[in-house]
Amino acid sequence: MLEKKVETFNMNRVIEDFEEMSRNADQVQIQTLKDILLKNHSAIYLKNFGINGTTTAPEAFKALVPLVTDFELEPYIQRMVDGDTSPILTGRPVPAISLSSGTSQGRPKFVPFTDELMENTIQLFRTAFAFRNREFPIDDNGRALQFIFSSRQYTSTGGVPVGTATTNVYRNPNFKAGMRSIQSLCCSPDEVIFSPDVHQALYCHLLSGILFRDQVQYVFASFAHGLVHAFRTFEQVWEEIVADIKEGVLTSRITVPSVRSAMSKLLRPNPELADMIRTKCLSLSNWYGLIPALFPNAKYVYGIMTGSMEPYVKKLRHYAGELPLVSHDYGSSEGWIAANVTPRLSPEEATFAVVPNLGYFEFLPVSETEKEPVGLTDVKIGEEYEVVITNYAGLYRYKLGDVVRIIGFYNKTPQLKFICRRNLILSINIDKNTERDLQLSVESAAKRLSEEKIEVIDFSSHVDVTTEPGHYVIFWEVSGETEGDVLQDCCNCLDKGFIDAGYMSSRKCKTIGALELRVVERGTFRKVQEHFLGLGSSAGQFKMPRCVKPSNGKVLKILCENAVSRFFSTAFD
Ligand code: AMP
């Protein structure tokens, strides 16, 4: 891929471009679809449906090409992975394949990655940055402490590079220039980002951040989970970091030669800085306000905090103290969708404005009566839809599996709120519970635990149908010891927390058994994460699977083997 010169950043111009595009969202959509179809007119997939380079209008396209999921596209993508360079989904062979985190399905899935997706990424970053910078301007020579990790990229037997989408982005020659243009250069050397060992990389990100502490303008991880994990780790390793700074010598725990050598170049003995960090750490109460204490010039903390990341917001707020939490944009390995153009909104209120030239977007109503998707500018405020993407990277009318709610319009383009993954995760008979329902139930039960000053560190669930009747199992990792009575209350609360009518009636008539709470040993969820990292998921892109299917035996085994206590609900006795 050729390295392109990334344009110098002009905040007002970027904002004006977005304003104009959003004012003409309907026209931009028609033009974007036309571009996509012309660019990929030779794709076998499109030809099979009778799209031949002259069909570019939305109505004709929709009449010919069916709605699909990753399941239907899998054989096409597999051919690309296997090295077939004929135009399968895209007009030209793709330079790489992305491995989406796939934790919801229990296995990673492949999606095409193209130069256009990289351009979209840079465009999205610039748009979001422009709006952010208008609200929270950062200094010219600033840097960003970015907890980013490039996982392994390997070459498939067919010769195609395969890596997570974030890896494909970080390895792209335009990434660094793009980051520099928006004053977001990372503190850490590249060797840290590309470290084969994520634990060592995290330590070095923290250390680099402190070495550049005065320049750090904001702190970022793709997902709130990553931010919380980083600062929980800091609580454990801070004394080692302080010792490294004092002596100017890197701890022996960093063994990857490239990382050691790059980090050693940054270090020189600095006892004043070491003492200052020590004093700051010791002065904090339960680490409240850790982020501004370490990075006095940081203006905000940035990452995805919506959807399945909501459970981490409370802890993140604790670390961030008074610093604003700014929600990162909305996208997926399949492509970017929407930017946060209202960065002052809290994570609970955050909405995202669809960027109309990133793809051709349709919205499939979630309500069971309506079956036909509507166009971008035809969505209705207050309604919920599943997002359907057609993009430059060979996805045509692809159901993403995400449910969003329309909150309003920014000019003509919708502003949406991420609601949840569409898949029901907990269902035994007539009960229907989504990831969001589980989250709400856990949130309400966790309140009982917080009265004891204990938090839920992480959670997951499982439908156990080996018992008669089947029942829900919720796994919890908690931050401290507590009485069995408290956990029994939590268990009852979890059971009562699922307010879906199907669940409640099944519980009342005992066609679903008592909910079971299993408390797992500290560190168990870290083991689950490591299992997924071993499968090729990247630390930065990781999302905890909120429901473990029986097919995911390994994760279920980790959770079950590490259970230290179990409780059965008496809420419906
Ligand atoms: P991946 O497949 O690993 O690229 O993950 C993409 C998925 O992460 C999306 O399909 C969403 O379910 C979720 N996601 C991405 N952005 C957001 C966001 N801003 N808020 C909530 N969930 C998000």
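I take two strands as paired if DSSP finds at least two bridges between them. The model I am reading is predicted.

**Entry 1**

I looked up the pairing of strand E19 with strand E20 (residues 471–478) and found eight bridges in the antiparallel sense. Which residue of E20 is the bridge partner of serine 461? I noted isoleucine 474 in that place.

I then followed the whole sheet, which is open, has four strands in the order E19-E20-E21-E22, and shows mixed pairing.

In the loop between E19 and E20 I located proline 469. The peptide bond joining glutamate 468 to proline 469 is cis, with omega at about -5 degrees. I kept this entry because most peptide bonds are trans.

**Entry 2: the annotated domain**

I consulted the UniProt record, an unreviewed entry, whose annotation "domain: GH3 C-terminal" covers residues 437–550. For residues 437–550 I noted 41% helix and 19% strand, with the end C-alpha atoms 20 Å apart.

**Entry 3: the sheet E3-E6-E7-E8**

I examined a second open sheet, of four strands in the order E3-E6-E7-E8, and its pairing is parallel. Strand E3 (143–146) and strand E8 (325–327) are its edge strands, each pairing on one side only. From one strand to the next I recorded an average twist of 25 degrees.

Within this sheet, strand E6 (residues 216–223) and strand E7 (residues 300–304) run parallel and are joined by four bridges. I found tyrosine 218 opposite tyrosine 300 in E7.

Which strands does helix H6 (residues 115–135) touch where it packs on the sheet? I listed E6, E7 and E8, and noted that the direction of H6 makes about 150 degrees with that of E7. Helix H15 also packs on the sheet, touching E7 and E8, and its direction makes about 135 degrees with that of E8.

**Entry 4: helix H11 against H15**

I looked up how helix H11 (residues 224–247) packs with helix H15 (residues 313–320) and noted an angle of about 50 degrees, with the axes 9 Å apart. H11 is therefore oblique to H15. The crossing in which H11 passes H15 is left-handed.

From H11, I listed Ala224, Leu227, Val228, Phe231, Arg232 and Glu235 in the contact, and from H15, Lys315, Leu316 and Tyr319. Sorted by class, the contact of H11 with H15 has six nonpolar, no polar and three charged residues.

**Entry 5: helix H11 against H13**

At what angle do H11 and H13 pack? I recorded about 160 degrees, with the axes 7 Å apart. H11 is therefore roughly antiparallel to H13, and I noted a left-handed crossing for H11 and H13.

On the H11 side I found Phe234, Trp238, Glu239, Val242, Ile245 and Lys246, which meet Pro271, Leu273, Ala274, Ile277, Arg278, Cys281 and Leu282 in H13. The contact of H11 with H13 divides into ten nonpolar, no polar and three charged residues.

**Entry 6: a backbone angle**

I ended with tryptophan 287, in the loop between helix H13 (271–283) and helix H14 (290–294). Tryptophan 287 has a positive phi of about 65 degrees although it is not a glycine. I recorded this angle because most residues other than glycine have a negative phi.

Definitions and conventions: Residues are numbered from 1 along each chain as its sequence is written. This is a predicted model: local features need pLDDT of at least 70, side-chain atom pairs count only at pLDDT 80 or more; totals for chains, interfaces and linings use all residues. Side-chain values use heavy atoms; hydrogens and water are left out. Axes are lines fitted to C-alpha atoms, for helices over the stretch in contact, and angles run from 0 to 180 degrees between N-to-C directions. Helices (H or I, at least four residues) and strands (E, at least two) are DSSP runs, numbered from the N terminus. Angles under 35 degrees count as roughly parallel, over 145 as roughly antiparallel, 65 to 115 as roughly perpendicular and the rest as oblique. A crossing is left-handed if the near helix is turned anticlockwise from the far one by less than a right angle, and right-handed if clockwise. Contact means heavy atoms within 4.5 Å. Ala, Val, Leu, Ile, Met, Phe, Trp, Tyr, Cys and Pro count as nonpolar, Asp, Glu, Lys and Arg as charged, and the others, Gly among them, as polar. UniProt positions are given in the numbering used here, feature names are shortened, and annotations may be inferred rather than shown by experiment.
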